[in-house]
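Have the model open while you read.

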Amino acid sequence: MADAALTLALDAPALRRAFEVAERWLATNREGINAINVYPVPDGDTGTNMLLTWRAALKGGVEGSEGNASDAGAYLGLVARAALMGARGNSGVILSQIIRGLAETSAGAATLDTPALARGFEGASATAYAAVTNPVEGTMLTVIREASAAAVEAQASGEGTEGVLYIMLTEAFASVKRTPELLPRLREAGVVDSGGMGVAVILQGIVCGILDHPLPTEPLVTGTAEVQADAVEHEGHGFCTEFVISGAALDRATIEGELVAAGGSSILVVGDPSMLRVHVHVAAPEHAFDVGERHGTLAARKAEDMQAQHEAWMDDRDDDDLDPASLPSIGLVAVAEGRGIAAAFRDLGAGRVLLGQVGVKVSAGDILEAARRAGRDHAIVLPNDKDVLMSAQQAAAASDGFLTVVPSRSPASGLTAALEYRGDGDAATVAAAMVEVMAGVRAVEVSRSVRTATVDGVAVREGDAIALVDGRMVAATETLEDALLAGLDVATEDGGEIVTIYLGQDAPADAAERLPRLIGERHPDLEIQIVPGGQPYYPYLAGVE
Amino acid sequence: MTNTTSTIRIVTDSTCDLPTDIVEALGITVVPLTVLFGEEELRDGVDITAEQFFRRLGREKVLPTTAAPGPGVFRTVYERLVAEGATHIVSIHVSSKLSATLESARQGGTGLPVTHVDSLQVSLALGVPVMEAARALQQGATVEQIVAVALDTARRTQIFFTLETLEYLRRGGRMSRGQEFFGSLLQIKPVITVQDGEVHPAARMRTKAKAVEELLRRCSDMRPVATVFALHASTPEELAHLRDRLHGLAPESKYVESRITPVIGVHVGPGAVSAGVTRAPDAQSPSFLPA
């Protein structure tokens, strides 16, 4: 400790510098945090969602503070407001509530000293707990609570600034380590909580920023081989590139290594030695294709400009001269991944469809903006993803009663809910009818596991086809079709008249022809409808009603 | 207040869907609308039966359209009734918001002793008010009382249809509101109703069985009932189920069943089934009502 007598007086510029260090550290660890995921499906990008939320918050602090940038309390207020709207994913929402708590506790303070900072984190914890309907221990809530309590206690026992900050940080990482003891699903999956890790990483960045200590050069969290400190520099740029390699004795690790050398990030290689599916973010897709061609024959090549994807995020956003009179009294907003699913929502009356970007969830602000453009008097939003649910609720909380969330956790249940949507009448009644009909849907999700783990009592090997029913793992099989059938067996336990299968972008080409026969043999009384969904990650989604 | 010096006759149109035995027993005159297969004009229920129509619908490439009877058709009917001794005619018709039939009837009735009634209904939701009007007439009601009975019965009546597909309704252009209702990517079995004389969406269901349940649920919401009714377009086997369920719903009430006439079949398509309810008279109902 260089200066044990350090007296802390954080004003707005100092806080901003510390938060920017935290941003860099979170960016460095983003992929590693993404890789910590209970469900071995590559769609829960906690690191990315927390980073984008943190960035949105910081941007709000810069934009709002021009001219009066010295007051710490005012700066935190601006950051907190921007965080609430920029929150993406459930982890982003909780992070935004942590920031809000810090800001509310610090309101009116010109500078923060060590006791004020400790109290600020304590307030952050209390606010975050209060914002969650059913707080679960072993999550980011636990980490902020235990870390802030340690800081308050250290401060009370006479520790200096450095001592308080180090004790807080040590407790934060210890708390992360304990998360599997508190949350059985983490223990079963053999991981720590990703959101909790994100909180610890942010705290570490803030502490390094305050104390002007250099950040470590290597990322703290390495989940998979692709983690590269500079990979995050490609954030938002380059191409989301995908292809399938067919060949003999294909070696995953070799190919991953070559993709890293080709400048790739977010690398995902799954399959077996005769066929591998590759997903990579890379500035030059041809370099990734070259890697693939060295090992076998390529099929299903695809390269999407991620910047263009981002611009297409709100596909209807360019209508600035929108005439409010042309809107229905009650508008419907749906969050969708996949063009086909988006089209089905539009078809059922959704005036706004928020098309998600691969690996990034829509923010509360995106949802609120879409809502304002969907309805004259009211809007109903279908998040269609458990990890969008909280940002939708956050948007609703900020909407003065304009927005109501119908908490759909999958597109299949969301589409059934949309059947009950009406553009006029009493919004609460319409929303209640949507919620009611949704209860009669069982959602089946079929994907490929990206990790070997035991989840919900099902032992899953990396590359297995897996089936989840209403968010619970029910089967791990060799083929996607077997996983779908196993999922349908569970989903039809209590009956069912119709199954709607949404084919993902990775669904086999002949699925539309083969599935009706396969399912019909097992479930002769079930009506079967096949819809091209185009969703990523899940070759098959299904809803049983 | 019986009227023994005048002879009143009741006229309606073929969209009333009343079965022949009721029409004959109550002396109702039914003027047919027209079904058009291209250039070929067929009088609804006269030149083409429901049986023939739905069989032909499955074979034809060009979808049929419908047309109101011309004013001349009404004039001929009214003049014949007057010649047969009618001193007054009450002409009760399909909603003016769905068909030009009533307008045509008004033009055809110029200078003749005809009172026109806009039921703002269709199918048996028109048929049941016509039936009640005819029964009031049998019990000696005046023209004013007959008109009041017809309007009040129509007010208390609601009909629901569940369709196999929205395609026919969409092409026929009869749905005035709720364009967002027309989903096509997901299989939807719509439930529609007639409200204020217009076709409105009522529910979108995923299967026929669920749609029929919804139909019955809507009917059961309307208790206490005076009359329940059911219709089918091309699936007589479904009528038995509806009959049983409606009886269970209102064991004491009158029950009418029929087959959807071709001119309505053009808009609802094959496989459509329908059920509806006439609620029991209420405080707004006229004092003269047929027993």
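1. First, the terms: two strands count as paired if DSSP finds at least two bridges between them. Helices (H or I, at least four residues) and strands (E, at least two) are DSSP runs, numbered from the N terminus.

2. Some housekeeping: this is a predicted model, where local features need pLDDT of at least 70, side-chain atom pairs count only at pLDDT 80 or more, and totals for chains, interfaces and linings use all residues. Residues are numbered from 1 along each chain as its sequence is written, chains are lettered from A and ligands numbered from 1 in the order in which they are written, and side-chain values use heavy atoms, leaving out hydrogens and water.

3. In chain A, look for an open six-stranded sheet of mixed pairing, ordered β13-β12-β9-β16-β14-β15. Its edges are β13 (472-477) and β15 (527-532), each pairing on one side only.

4. Strand β14 (residues 498-503) of chain A runs parallel to β15(A), joined to it by six bridges. Thr500(A) has Gln529(A) as its bridge partner in β15(A).

5. Chain B also has an open sheet of six strands with mixed pairing, in the order β10-β9-β8-β13-β11-β12.

6. Within the chain B sheet, β8 (residues 157-162) and β9 (residues 189-195) pair in the antiparallel sense over three bridges. Which residue of β9(B) is the bridge partner of Phe161(B)? That is Ile192(B).
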